[in-house]
Amino acid sequence: MLSASKARRGKQRRFNVKEVLAETRDTLGLMLDLAYSTILFEEDHFGQEVMELEERMSELIFTARSAVMLGAKGADEIAALTGVLKIVTAAEKIGDSASDIAEIRLVGIGLPKRFIKTLHLMEDTLARVTLSEESEVVGTNIAAIESKTGMTVVALRSGSKWSINPANEEILREGDRLIVNGSFESLEEFQSVTTDKSNAVPDVRELEEPAMHRQIRKTIVEMKNLSELSIDLAYSSILFNSQEIANEVSNIEAKLDELRIGLEHLVLSYAKQVQEVEQLHGLLRLASASEMISDASNEIAEVVLGDIELHPILQYAMSEAEEVITKVEISKGSPLEGKSFAESFAEQETGMQVIALKKKSEGRWIYHPKGDLLFEIGDIMIAKGRKEGERMFLQLAAAAE
Amino acid sequence: MMSSQSKVMTGWRVVTIVRVMGPLLMILAFVGMFSGLILTTGQDLLFKSPALFILVPAVVGLGGNLGAIIGSRVSTALHLGIIEPSLSNVALRNNIISSLIAGGVMFVALGIIAGALASFLALEGPSMIEIFLISSLSGVFLVLFVVIISVTAAFFSYRRGLDPDDVVIPVVTSFSDLAGIAFLMGIVVLILG
């Protein structure tokens with residue numbers, strides 16, 4: 001999830017539906033990043049930030065509903081606007097889930113330590129680094145590190161205070177701590193650039209863990225990945241007015257329901273074997289939050305699948321958010337053709353994350369394509385990232401000039 | 001039993017309606033009287049050419065209605081975010097241009113119909129061509145005025161969060177009426193005077 005710069009707006013002025021929806025989307029992205037950062041990096045400060053953003057979300061939701069009611073005239077428009085109201089409610093639920101996740105730490109439950117170390121299995125990765133003296137980014141600024149590594153800086157700590165969503169011009173110094181978000185593939189590049197030894201991601205094989213613990217961990221990670229994917233696909237389904245993508249969101253929701261049931265059984269069984277039962281509690285809460293997120297995403301998708309036409313304001317709002325979502329078909333002449341995903345460095349070069357790919361030959365969607373997947377002409381990709389990355393990405397895929 | 005203290009229900013009490021809407025409506029009625037005054041200054045011309053009476057309510061009415069519709073639509077679009085309250089906004093410019101064209105076409109049509117009607121009823125007054133010209137020319141100026149005032153009123157009501165039905169429509173229609181009479185009489189004097 002990408003961070004938002006409009007998350008804090010003190011000035012009071014009249015807001016319209018489009019602006020509010022765009023800001024809602026950006027705020028939700030930031031809330032989720034910070035919520036996961038709270039539990040994964042054990043930082044209460046981020047949790048408090050999430051609670052403040054939750055208040056902001058309440059304001060936004062209220063404003064969105066007011067603006068819709070002020071703008072509702074004529075039977076056809078009203079029908080489409082009911083869809084907008086449903087989406088506003090779904091956004092509210094996602095915000096609630098983010099608060100629930102942050103609360104896992106804030107109420108003192110937390111997560112098992114061993115789980116915290118396995119960040120590298122998450123698709124939408126969060127990493128915390130301290131910049132060492134040798135790091136080549138010391139002396140450059142936020143914008144530079146973002147474009148170089150393809151990761152986004154969620155928070156910066158210079159001295160004693162954390163700065164959420166720092167400005168592009170902020171200069172980086174030795175000893176600064178950063179929380180970044182981006183694709184898992186970009187993480188390696190990022191770590192080599194910042195040369196932070198202390199947070200080296202351990203190899204999964206090195207972890208000694210009982211089989212049940214491993215199973216729990218993998219399930220939880222898959223649930224987190226799928227829940228975030230469901231949000232991205234839900235937004236995509238609106239942006240591209242695609243029933244096909246909306247159906248994928250429903251599929252994910254069904255899968256997450258299954259996973260949750262499985263996870264709860266696993267945790268209950270495991271609890272019989274271990275002493276530190278309280279730690280498993282956090283996992284149950286995380287699973288519950290992931291499921292709630294995909295339920296909310298499904299509600300958004302249902303608006304696309306419903307009989308009523310999508311109100312155009314939804315698409316305008318989606319395009320106005322800071323994080324862009326783009327859909328592109330790989331065309332003849334593209335440098336990606338014939339290369340594998342890993343070879344192409346598509347994500348690292350552009351800073352975009354490919355969240356789904358539909359192979360022309362197979363006709364079904366593959367989520368978070370991995371290393372050895374080959375790109376072919378006619379493959380369709382959905383990717384998300386910053387605006388600057390979008391252009392590069394499109395050039396890469398469509399061989400545009 | 002509904003609480004008489006409830007903020008929402010208070011809007012419907014007679015005293016409240018009079019107090020809230022009264023001042024505005026009185027001012028607008030005053031504006032309406034100005035329209036009447038303009039008519040009286042041109043009364044000789046009007047009585048010599050009764051055919052013009054066909055045009056007066058029609059032109060004025062069309063102007064006012066156009067203003068109300070534009071004002072209402074622009075308000076809605078502002079609340080939804082389809083239009084931004086800034087002149088550089090493309091969607092707004094397109095809306096303004098289409099309104100101008102649509103309005104212009106309607107006044108031309110009005111001119112043709114009024115001219116035909118006057119001729120058919122053999123009313124005394126200007127020729128078919130003259131009626132057509134009066135309607136079209138005054139229409140052009142009127143549409144321009146109406147679009148400006150209705151868009152402005154819509155921006156104002158949006159920024160203040162006012163219900164457009166309460167403010168935009170009465171204000172726009174009253175001033176459009178005034179402008180309608182003024183432009184119509186002006187063009188009449190120009191062409192016939």
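Student: Which residue lies over the face of A:Tyr36?

Tutor: Please bear in mind that this model is predicted. A:Lys224 lies over the face of A:Tyr36, at 4.3 Å from the ring centre. A second case in chain A is the charged end of A:Arg25, which sits over the ring of A:Tyr235, 4.7 Å from the centre of that ring.

Student: How many aromatic pairs are found over all chains?

Tutor: The whole structure contains six aromatic pairs. In one of them, the ring centres of B:Phe141 and B:Phe183 are 5.8 Å apart and the planes meet at 20°, so this pair is stacked. The two residues are 42 apart in the chain: B:Phe141 belongs to helix H6 of chain B, and B:Phe183 to helix H7 of chain B. Together with B:Phe145, they form one aromatic cluster.

Student: What area is buried between chain B and chain A?

Tutor: The size of an interface is often given as the accessible area lost when the parts come together. Here about 1,200 Å² is buried between the two chains, and carbon and sulfur atoms give 54% of that area. On the side of chain B, the residues that lose the most area are B:His79, B:Leu80 and B:Tyr158, together 47% of what that side buries.

Student: Which residue forms a salt bridge with B:Glu84?

Tutor: The partner is A:Lys18, with the closest N and O atoms 3.0 Å apart. The count between chain B and chain A is one salt bridge.

Methods: Residues numbered from 1 in each chain as written. Chains lettered and ligands numbered in written order. Predicted model: local features only at pLDDT ≥ 70, side-chain atom pairs only at ≥ 80, totals over all residues. Heavy atoms only, no water. Phe/Tyr/Trp six-rings, centres within 6.5 Å; stacked < 30°, edge-to-face > 60°. Helix = DSSP H or I, 4+ residues; strand = E, 2+ residues; numbered from the N terminus. Lys NZ or Arg CZ within 6 Å of the ring centre and 35° of its normal. Buried area = accessible area lost by both parts, 1.4 Å probe. Salt bridge = Lys/Arg side-chain N within 4 Å of Asp/Glu carboxyl O.
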